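Subject: Structure handover

Hello,

Here is the structure I promised to pass on. Please open it and keep it beside this note.

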Amino acid sequence: MGKYKNRIVMDLDGTITVDEKQKSYAEKNIDESVATAMERAKKMGYAIDIFTARNMRTYDGDVDLIHKHTKPVAQKWLSDKNVSYENLTFGKPWCGPDGYYVDDKLLSIEDFVFKFTGVFSEHTVDIVIPFYNEQGNVKSTHAEHKKLERVLHIGKYIYVQNGSCDGTADQLQELAENDDKIVIVTVDNNQGYGYGIAQGFKHATADYILTNHSDCQFNPYVFLQTHRDMLLNLDMVDAVLPKRINRPKFDTFRTYVLQKILGVLALKPRLDDFNGQPKILNRSHLQIDSLPKDFCLDLAVYLQFKNRTYVSPPIIQQDRASGVSSWGGSLRRQIRIILRYISFAVWGK
């Protein structure tokens, strides 16, 4: 047990084997996608243990009879299929045809395959999120992003305390005391959304960076689940730049017009939705020092990756979970935002 820091405990039937009820155990086929993911996991240093409930119902839980009659068949099948594993254990309780196994470390078969064979399977990912007066969203934001460990190799959660004057800092500190992966970056005086994000970027060391807002409007785990098949078929990608849907019609129209104007000014034939989240960015292509301090950061990041390999799958924008957005406001403020975007598109700063 001491050789491996982490282990993956696999079920056998219906997981490593294809679920073919008409075939005997000895005749079952192997699920090639699962087998490939197991091989990748083992190369990454995980031990593979198989824990199965095979014949627990047939032999009424008598493990001695299972070892005598069932184990040799399973061992031969695994050997014939060239499945590499550390331990094969029998005696897992049978949950019944309509029962379930519940575990806080549970991976679905689909998540397991994506985590170890998807486009990000051989890369680490750091998550960078700025928090500005978001005390009502801190815990729920972390809970949603913690689910990403099911599908990505998360290195750090880099949470930027971006000059908040409410209880955000205390909430973040409480989280960090219970999760060693959390890194808190403190900005004493808020200098803008972009400045906070950039400070978080500077602490990232993973191959990719995932950014998101702290208001729970964009669910990152559901987003990756929704587009899992598409991402599985990619050999590589420099960025994932989501396109927002389910927005109010006026907001959608305003964004469309702004994109057309900025596309002309920035000498780009076409601009996609650059404010969608969560973004996933190849860190080696990210030019942090040239990023603006304000909300134009998302446009700047988009322009850095516009001519690289990227995908823009749709993301549902949900209602804000808690608090008030600092991005809205009066018509005068909206005009100032548009003029600032235009200024950045023309002068790049």
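What is the order of the seven strands in the open sheet? The order is E6-E5-E4-E7-E10-E8-E11, and the pairing is mixed.

Some ground rules. This is a predicted model: local features need pLDDT of at least 70, side-chain atom pairs count only at pLDDT 80 or more, and totals for chains, interfaces and linings use all residues. Residues are numbered from 1 along each chain as its sequence is written, and side-chain values use heavy atoms, with hydrogens and water left out. Helices (H or I, at least four residues) and strands (E, at least two) are DSSP runs, numbered from the N terminus.

The sheet: two strands pair if DSSP finds at least two bridges between them. Strands E6 (182–187) and E11 sit at the edges, each pairing on one side only. E7 (residues 208–211) and E10 pair in the antiparallel sense over four bridges. Leu210 has Ile280 in E10 as its bridge partner.

Helix H11 (residues 297–305): eight of its nine residues are buried. Buried means under 20% relative accessible area, with a 1.4 Å probe and protein chains only. Among the buried ones are Leu297, Asp298, Tyr302 and Phe305.

The cores: a nonpolar core is a set of buried Ala, Val, Leu, Ile, Met, Phe, Trp, Tyr and Cys residues joined through side-chain atoms within 4.5 Å. The largest has 35 residues. Phe201, Leu262, Leu281, Leu286 and Tyr341 have the most contacts inside it. H11 gives the most to this core, with six residues. A second, separate core has 30 residues, including Tyr159 and Val240.

Best wishes

Conventions: Buried means under 20% relative accessible area, exposed over 50%, partly exposed in between (1.4 Å probe, protein chains only).
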